[in-house]
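Reader: Got a structure I'd like to talk through. Can we go over pockets and charged pairs?

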Amino acid sequence: MPETPLVQADRVSRRYRLPRETVFRPAPLVRALEDVSFTLRAGRSLGVVGESGSGKSTLARLVMALEQPDAGAVRFGGQDLASLDAPTLRRARSGFQMVFQDPYGSLDPRRTVAQTVAEPLAVLHGAAAPEQRERAAEALDAVGLRASDLDKYPHEFSGGQRQRIAIARALITRPQLIVADEPVSALDVSVQAQVLNLMQDLQDRWRVTYLFISHDLAVVDLVCDEVLVLQHGVVVERGPTREVFQRPQHEYTRTLLAAAQLA
């Protein structure tokens, strides 16, 4: 039997209701995603690209089960996330974690690194304090930091080190999937390369699967096996990254590549 995809989106749609313009008209709807489908197998990386407003971050929230689709289904390990009750979804969340764009805004300045990194373990597993600290030290080691950093605060680290801390927090539950939403766009170019190399190394060592949200096509070209191109919430092209970027079939993809000087 063929292997079940780790993540599968089946004709997913999401719309948002805007504020009423007048009391005499219904509130307008805006389409964020329409009939989006893809599969992502374990150990692979899928890049999702498009301009601002194309639906990339909405798709990330649906995959993370932070929102539910209006139509279609997102499945993780064959389970429809929207159909799970709260306790089952809480257990499932150990298998997927997220790394956010801003390493400054995503870390609480009042909490130590140990508290920050161990938070998912405490919330999802109720682990005792000694186990939390031990696993946090292991996660820091995996991202190239030291156990002696556990009692420090975010302001004591550089931007690249803070993003490593954010990645350590995502790793601590030993997830199968990491959703990375613009994880290097807030970093200097030289630091971007370090973080991307780290993410690729973790994939090789831990078989981590990435859903990589980015507007930077050069980054996607470097780290992703496959790419999904979104325009106004609709998939206009998909396929192996190198094939799509070298022989784009859709005019919108060609426009993105020309703007990125990749074509």
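This is a predicted model: local features need pLDDT of at least 70, side-chain atom pairs count only at pLDDT 80 or more; totals for chains, interfaces and linings use all residues.

Reader: Pocket first. What volume does the largest pocket have?

Author: About 290 Å³. It is lined by 12 residues. Met64, Gln97, Met98, Phe100 and Pro120 lie nearest its centre.

Reader: Which elements give two or more residues to that lining?

Author: Strand 6 (96–99), helix 3 (113–125) and helix 5 (159–171). The lining has eight nonpolar residues, one polar and three charged.

Reader: Switching to Arg14. Buried or exposed?

Author: Arg14 is buried, because its relative accessible area is 15%, under the 20% cut-off. Arg14 sits in strand 1 (residues 7–17).

Reader: What does its side chain make a polar contact with?

Author: The side chain of Asp70, at 3.4 Å. Arg14 also belongs to a salt-bridge network with Arg61, Glu67 and Asp70.

Reader: How many salt bridges does the structure hold?

Author: 16. One of them joins Glu34 and Arg15, at 3.2 Å from N to O. Glu34 is in strand 2 (residues 29–40) and Arg15 in strand 1, so this pair ties together parts 19 residues apart in sequence.

Reader: And Asp149 with Lys152, what's the N to O distance?

Author: 3.0 Å. Asp149 is buried at 3% relative accessibility, while Lys152 is partly exposed at 25%.

Reader: Where do Glu251 and Arg254 sit?

Author: In helix 9 (residues 251–260), three residues apart, so about one helical turn separates them. Glu251 is partly exposed at 48%, and Arg254 is partly exposed at 35%.

Notes. Residues are numbered from 1 along each chain as its sequence is written. Side-chain values use heavy atoms; hydrogens and water are left out. On a 1 Å grid over the protein atoms alone, a cavity is a set of points where a 1.4 Å probe fits but cannot get out, and a pocket is an open set with protein on both sides within 12 Å along at least five of seven lines; lining residues have an atom within 4 Å of a point. Grid points are joined across faces, edges and corners, and a volume is the space filled by probe spheres set on the points. Helices (H or I, at least four residues) and strands (E, at least two) are DSSP runs, numbered from the N terminus. Ala, Val, Leu, Ile, Met, Phe, Trp, Tyr, Cys and Pro count as nonpolar, Asp, Glu, Lys and Arg as charged, and the others, Gly among them, as polar. Buried means under 20% relative accessible area, exposed over 50%, partly exposed in between (1.4 Å probe, protein chains only). A polar contact is a pair of N or O atoms within 3.5 Å; within protein, one must be able to donate a hydrogen and the other to accept it, and residues adjacent in sequence count only if both atoms are side-chain atoms. A salt bridge is a side-chain nitrogen of Lys or Arg within 4 Å of a carboxyl oxygen of Asp or Glu.
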